Amino acid sequence: MEITPKSLYLRRRDFLKLGAGATLLASTAALARAKTEHGSKLAGVKPNPKYTVDEKQTPFDDITTYNNFYELGTDKGDPSENAAALKTRPWTVEVAGEVGKPKKWDIDEILKTFPAEERVYRLRCVEAWSMVVPWDGFPLADFLKRHEPTSRAKYVAFESVVQPSMPGVKGYAGIPFPYLEGLRIDEAMHPLAILAVGLYGEQLPNQDGAPIRLVVPWKYGFKSAKSIVRIKLQERQPTTTWSQYDGGAEYGFYANVNPDVDHPRWSQAKERRIGDILRRKTLMFNGYGEVAPLYAGMDLRKFY
Ligand SMILES: Nc1nc2c(c(=O)[nH]1)N[C@H]1C(S)=C(S)[C@@H](COP(=O)(O)O)O[C@H]1N2
Ligand SMILES: [Mo]
């Protein structure tokens, strides 16, 4: 679990690798490395003014070089360095389970069928860092409804890709793969939940979960599964990777951002916005209080 800012992190990493003598040179190299090639532009993406935040957007190079994507490695810089190990074409997304119309989509058909709009969301990682990301995507609800969920569809399970070329999937990351996540159906249908296919108006970089990922901005970042290949609607609460890891004590199924409930190993009261020096207060539901009715009657202190 890495909770230092990127600049420090890069410097420390090179220090460890090369020793003090090479540090100055290495940090220059690290800065040069911390740039991401730009991908192809997405056509016709317009900002949705209803879903934006009046805060500085995290620069593209930070969003694309400071990542959690354990299939591509566990250090923050690994996913960008290993991005080419993920192949995003051909790509299919299978929708199965409690739906009237199951379907195996080709990703390009999804892109054509569901036009993306820009939504600027806060992203709060359980590790207590955060960003502001201009995602390009469409409501998860629109996608799910197209498959006509049955009355038994109480939950939605998401599965990320596993490709043998991805260096992290061989076991040393400490969590089982494929990466599995899930939502309750009413959470999945909430207008804030989106499937993202881009950021900053460009095709999603591989390290951010290309070609399609979940974004659930009121929950800790680990709920937002990347590089999705399968979506299953089901009656029972799905197993998730992180709750398998520790029985759910640290990384539970709900994982709503909550400054009042500490992680067993650290406080969640504050967070470090990538690029800032001082920490800021974490907001209930990451500032998306409109989701509160989803949890009416639940004691949120008991559901990590
Ligand atoms: N498949 C997969 N999805 C994942 C992860 C992962 O390791 N594998 N990490 C999660 C975590 S912990 C966070 S904080 C976000 C980070 O998204 P970003 O790297 O685009 O900022 O992705 C989430 N989705
Ligand atoms: Mo995270």
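Predicted model: local features only at pLDDT ≥ 70, side-chain atom pairs only at ≥ 80, totals over all residues.

Visitor: Let's start with Glu181: buried or exposed?

Guide: Glu181 is buried, because its relative accessible area is 0%. Buried means under 20% relative accessible area and exposed over 50%, with partly exposed in between (1.4 Å probe, protein chains only).

Visitor: Thanks. Where is Glu181 found?

Guide: Glu181 belongs to strand S6, residues 180-184. Strands (E, at least two residues) and helices (H or I, at least four) are DSSP runs numbered from the N terminus.

Visitor: And which side chain does the Glu181 side chain make a polar contact with?

Guide: That would be Lys223, at 2.6 Å. A polar contact is a pair of N or O atoms within 3.5 Å; within protein, one must be able to donate a hydrogen and the other to accept it, and residues adjacent in sequence count only if both atoms are side-chain atoms.

Visitor: On to the ligand. How many residues surround ligand 1, and which are the closest?

Guide: There are 17 around ligand 1, and the closest are Tyr70, Glu71, Asp208, Arg213 and Lys226. To be included, a residue needs a heavy atom within 4 Å of the molecule.

Visitor: How does that shell divide into nonpolar, polar and charged?

Guide: The shell of ligand 1 has eight nonpolar residues, five polar and four charged. Here Ala, Val, Leu, Ile, Met, Phe, Trp, Tyr, Cys and Pro count as nonpolar, Asp, Glu, Lys and Arg as charged, and the others, Gly among them, as polar.

Visitor: What lies 2.7 Å from an oxygen atom of ligand 1?

Guide: A polar side-chain atom of Arg213. On the nitrogen side, an N or O atom in the Ser160 side chain is 3.0 Å from a nitrogen atom of ligand 1, and a backbone N or O atom of Ser224 lies 2.9 Å from a nitrogen atom of the ligand. The protein covers 98% of the 530 Å² of accessible area that ligand 1 has on its own. Those areas come from the Shrake-Rupley method with a 1.4 Å probe; for residues, only the protein chains shown count as cover.

Visitor: So where does ligand 1 sit?

Guide: In the largest cavity. On a 1 Å grid over the protein atoms alone, a cavity is a set of points where a 1.4 Å probe fits but cannot get out. A molecule sits there if more than half of its atoms lie within 2 Å of the grid points.

Visitor: Changing topic: which residues does a cis peptide bond with omega of about -10° join?

Guide: Arg89 and Pro90. Pro90 is in the loop between H4 and strand S1 (92-97). Another cis bond runs from Ala210 to Pro211, with omega near -5°, and Pro211 is in the loop between strands S8 (202-203) and S9 (213-215).

Visitor: What about Phe285, what is its phi?

Guide: Phi of Phe285 is near 55°, a positive value in a residue other than glycine. Asn286 also has a positive phi, about 55°, without being a glycine. Phe285 lies in the segment after strand S12 (280-281), and Asn286 is in the segment after S12 too. Phe285 counts as buried because its relative accessibility is 5%, and Asn286 is buried at 2%.

Visitor: Last stop: where does Thr64 lie?

Guide: Thr64 is in the loop between helix H3 (60-63) and helix H4 (78-81). With 0% relative accessibility, Thr64 counts as buried, and a polar contact of 2.6 Å joins its side chain to that of Thr36. Gly77 lies in the loop between H3 and H4 as well, and is buried at 6%.

Conventions. Residues numbered from 1 in each chain as written. Chains lettered and ligands numbered in written order. Heavy atoms only, no water. 1 Å grid on protein atoms, 1.4 Å probe; cavity = no way out; pocket = protein on both sides within 12 Å on 5 of 7 lines; lining within 4 Å.
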